[in-house]
There are 2 protein chains.
Amino acid sequence: MSKLETKTWQGVRAEVQRRIRSRAWKPGDAIPFEADLAREFGCARATVNRALRDLAEAGLLERKRRSGTRVALHPTGRAVLDIPLIRKEVEAAGQAYGYELLSKALDAAPPHVVAGMERSDAAHLVHVVALHRADERPHVLEDRWIDPASVPDAATADFSTKSPNEWLLENVPFTRSELAIRALPADPDTAGSLDVAEGTAILTLDRATWLEGRPVTFVRLLHGADHVIRSSVTA
Amino acid sequence: MSKLETKTWQGVRAEVQRRIRSRAWKPGDAIPFEADLAREFGCARATVNRALRDLAEAGLLERKRRSGTRVALHPTGRAVLDIPLIRKEVEAAGQAYGYELLSKALDAAPPHVVAGMERSDAAHLVHVVALHRADERPHVLEDRWIDPASVPDAATADFSTKSPNEWLLENVPFTRSELAIRALPADPDTAGSLDVAEGTAILTLDRATWLEGRPVTFVRLLHGADHVIRSSVTA
DNA sequence: CAGTGGTCTAGACCACAGC
DNA sequence: CTGTGGTCTAGACCACTGG
């Protein structure tokens, strides 16, 4: 056996993972207590704790006080999506980033915005529509609503060169956000802006954010044809 | 000041978060060293380390040896998607789960499967198509390909009552997985199975998994109308 | 009430990048 | 080489929960 280093928490995690994968510890089984594993590996309990906690966060283990640690029955997959600035996303793909402000006005919030922001009222909000381009071609249509009660500066901010996406990230903190991913058919306006046929399947991201319980902004990102959201998990 | 408990790592994290949100520590700024914060808060350095590590994982801080810890310039949003068993997902929504095996055969892998599994060859794979229902209505069409070289049991497994989704999770471990989310128009077969009009925008999840570098399975999950993937982040 | 995971401490050594 | 984060230790107390 080349047991390598079970004195580091990564080493302990690797060994435990190996035992789970090899079915030495089967799904649903209880595994030894931290103290016992610490003795077996010849390391401190804190080191074992760190390793097991990491595996529990990854969904491979389920831990409960008093009753101990068990191998998860259904290793609930978790994917971590990075939500970068649209500009950075385009530049990271090696493409030329372009930005164009299409409209800015004070409009009444439509139902899907009211619902997304968990509002009871349909107030007038700052409404910004902007197009992000990658290599000259339409990439993402940003349809954003900002609550001027939470972000007074939004009414006077100039979104002609810097996108609200970027401006908000740099200037407005938030404490909670919700994300919803949908597939929607392109309506006539969207189809025109993104240069696709009406009814084309559009990958849509709705994101709402709050600061201390007060709604800040709601944005619908409508992605151009063939857009893919990717994520990789190394268990 | 009600400084509550800065002797717990959650307390330290909350206080640091507050200073970032209040712009006391601005994006790009270096924050005090762990040792100094530990002295200020009157706790051990390990406690501060735990808190800062957590914030760094959340993307709010950037840490480097020797140069110290800085507030991230663009709090890169991260959304964590839970990928549960389809059955559990349906049951969690309070709906009745139904399952039906549509076909099982040994077929030649089409191009999108070959690419998704990062294969060089277009071998014959076990091909299973199954429909998951929620309250009698079509919910997800599971179009799965399994490499019999990696999973010999797949050829003889009975998928008529238990879905490959569930069978694989319980029986086959993996070390890496890739996820891709797309919006695709429903082709005639898909439209028929999901009971939607042809060309309807379908939210599609492609998931490929490997075990020690060897391809295990590729699945395309085609979701019924109006399906939404949700995720919430409490920063 | 007792057992197990969750956390804190004070100190120590190490690894790595900037000087 | 030096400083800072990364980690390990041995011990301790706490919190929750099952019996």
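The domain assignment of chain A gives domain 1 (9-71) and domain 2 (86-223); such bounds come from an automatic or database domain assignment. The centres of the two domains, taken over C-alpha atoms, are separated by 43 Å. The model is predicted: local features need pLDDT of at least 70, side-chain atom pairs count only at pLDDT 80 or more, and totals for chains, interfaces and linings use all residues. Residues are numbered from 1 along each chain as its sequence is written, while chains are lettered from A and ligands numbered from 1 in the order in which they are written.

Chain A holds seven helices and 11 strands. These elements are DSSP runs numbered from the N terminus (helices: H or I, at least four residues; strands: E, at least two). The C-alpha atoms of chain A fill a box of roughly 65 × 35 × 30 Å along the principal axes. The radius of gyration of chain A is 24 Å, whereas a compact globule of 235 residues would have a value near 18 Å. This radius is taken over C-alpha atoms, and the globule rule is 2.2 Å times the number of residues to the power 0.38.

Of the 235 residues in chain A, 33% are buried. A residue is buried if 20 or more other C-beta atoms, placed from the backbone, lie within 10 Å of its own. Contacts were also examined; two residues are in contact if their C-beta atoms, placed from the backbone, lie within 7 Å. Among contacts in chain A between residues at least 6 apart in sequence, 58% join residues at least 24 apart.

Chains A and B meet through 40 residues of chain B and 40 residues of chain A. On the side of chain B that touches chain A, β8(B) gives the most, with 10 residues. That side divides into 23 nonpolar, nine polar and eight charged residues. Here Ala, Val, Leu, Ile, Met, Phe, Trp, Tyr, Cys and Pro count as nonpolar, Asp, Glu, Lys and Arg as charged, and the others, Gly among them, as polar. Strand β11 (residues 229-234) of chain A runs antiparallel to β8(B), joined by six bridges. Two strands pair if DSSP finds at least two bridges between them. A:Thr234 stands opposite B:Arg176 in β8(B).

DNA strand D is surrounded by 22 residues. A residue is near the strand if its C-beta atom, placed from the backbone, lies within 6 Å of it. The closest are A:Thr8, A:Trp9, A:Cys43, A:Ala44 and B:Arg66. The surface near DNA strand D comprises six nonpolar, six polar and 10 charged residues.

Terms used:
A residue is buried if 20 or more other C-beta atoms lie within 10 Å of its own, exposed if 12 or fewer, and partly exposed in between; C-beta atoms are placed from the backbone.
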